[in-house]
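Here are my notes on the model, as promised. Have it open while you read, and go through the points in order.

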Amino acid sequence: MTPTAHAPRLLRPPSLTTLQLFVAVCESGSIGHAAQRQFIAASAVSKRLSDLEREIGMPLLQRHSRGVRPTPAGQSLLQHARSILNEIERLHSDLQEYAEGVRGHVQVFANLSAIVQFLPEDLGHFVRQHPAIKIDLQERMSRDTLAAVQEGAVGLGICHTPGQPPAALQARPYHRDRLVLVMPRGHRLASAGGAHGLAFAQALEADFVGLHSDSSIGLLMRQAAAAAGKTLRQRIQVTGLDAMCRMIDNGLGIGLMPDRAFALMQSWGGLCAMPLLDAWAQRQSWLIARDFEALPPAARLLAEHLQRRAQAPPAQT
């Protein structure tokens, strides 16, 4: 077969300087302005970009009377160039942190329940032992954390799953918690349960204040309602447990949250919590990774620390 005469070709990747100049030209809309911004002669900028267009085999910039703008191919290059330059900037920043004594950088995705209940103490204990390791903690729903770890977007995650995590991932047990129904004191359900709590099906006639519908608690609630042959009456969705308590405190419904999270919100004296008797209300959270042994040393150290903290007996008060 004869190759297409005008097929794009790129014998070698553009230099970072060329990418920086291309981005500057696109952002300013002018070769002259970009040259001033980069402290280089306009003729040198024009030659670099012309050489790049010739090597690729297609125009990247559309010249007009008031300057230039990227062609469709140029728009694609602009997007990639910005991504590459941002990664280089992050690399410089990370290396600078190492030069200043930070010997590790660990990114962790975790669900809201773990962030509220366990991670403040567990991570606080870790950074006191390892002050040279920087932790980037981001809140994500359990489903999104699982996907991010599977795709390699993040190395270490903490999440709840209905059952065991996917076989494609490695999982280590983290903390357990128990879901409780939160309601105003004096609510009819406060006296409906027995000494040990009540079943979720007993609460399905009430209005609920819930978290995002894709949260692990939201999924459990919908599944339990369907199993009972009823519809979950979730009237309000909020993004945090403190907002849920405020809504419940003002008579807008009842809610479901982890027991320790409710215990930590000591300012809500007008609320009470009833334990759920359902088996699914006892939850196991997991540390997940594609391969714990393949994690960078700082991330592996953190994973081992979190697992030890979860296995340790509760501190005596």
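**Notes on the model**

1. Arg 185 comes out as exposed, at 57% relative accessibility (exposed is over 50% relative accessible area, buried under 20%, partly exposed in between, with a 1.4 Å probe and protein chains only). Its place is the loop between β6 (170–184) and β7 (208–210); strands here are DSSP runs of E with at least two residues, helices are runs of H or I with at least four, and both are numbered from the N terminus.

2. A word on the source: this is a predicted model, where local features need pLDDT of at least 70, side-chain atom pairs count only at pLDDT 80 or more, and totals for chains, interfaces and linings use all residues. Residues are numbered from 1 along each chain as its sequence is written, and side-chain values use heavy atoms, with hydrogens and water left out.

3. Back to Arg 185: what does it touch, not counting residues up to four places away in sequence? The list is Gly 269, Gly 270, Leu 271 and Cys 272, with contact meaning heavy atoms within 4.5 Å. Arg 185 and Leu 271 sit 86 residues apart in sequence, yet their C-alpha atoms are 5.2 Å apart.

4. Asn 111 sits in the loop between β3 (104–110) and α5 (112–117). Is Asn 111 buried or exposed? It is buried, with a relative accessible area of 4%. Beyond neighbours within four places in sequence, Asn 111 contacts Arg 140, Ser 142, Ile 158, Cys 159, His 160 and Ser 216.

5. On cysteines, Cys 159 is buried at 0% relative accessibility, and Cys 26 is buried too, with a relative accessible area of 14%. Searching the whole structure turns up zero disulfides, taking a disulfide as a pair of cysteine sulfur atoms within 2.5 Å.

6. Now the helices. α1 (residues 16–28) packs on α2 (residues 31–38) at about 125°, axes 8 Å apart; axes are lines fitted to C-alpha atoms, for helices over the stretch in contact, and angles run from 0 to 180 degrees between N-to-C directions. That makes α1 oblique to α2 (under 35 degrees is roughly parallel, over 145 roughly antiparallel, 65 to 115 roughly perpendicular, the rest oblique). Residues making the contact include Leu 21 and Val 25 of α1 and Ile 31 and Ala 34 of α2.

7. α1 also packs against α3 (residues 42–56), at about 105° with axes 10 Å apart, which makes the pair roughly perpendicular. Among the contact residues are Leu 21, Phe 22 and Val 25 of α1, plus Val 45 and Leu 49 of α3.
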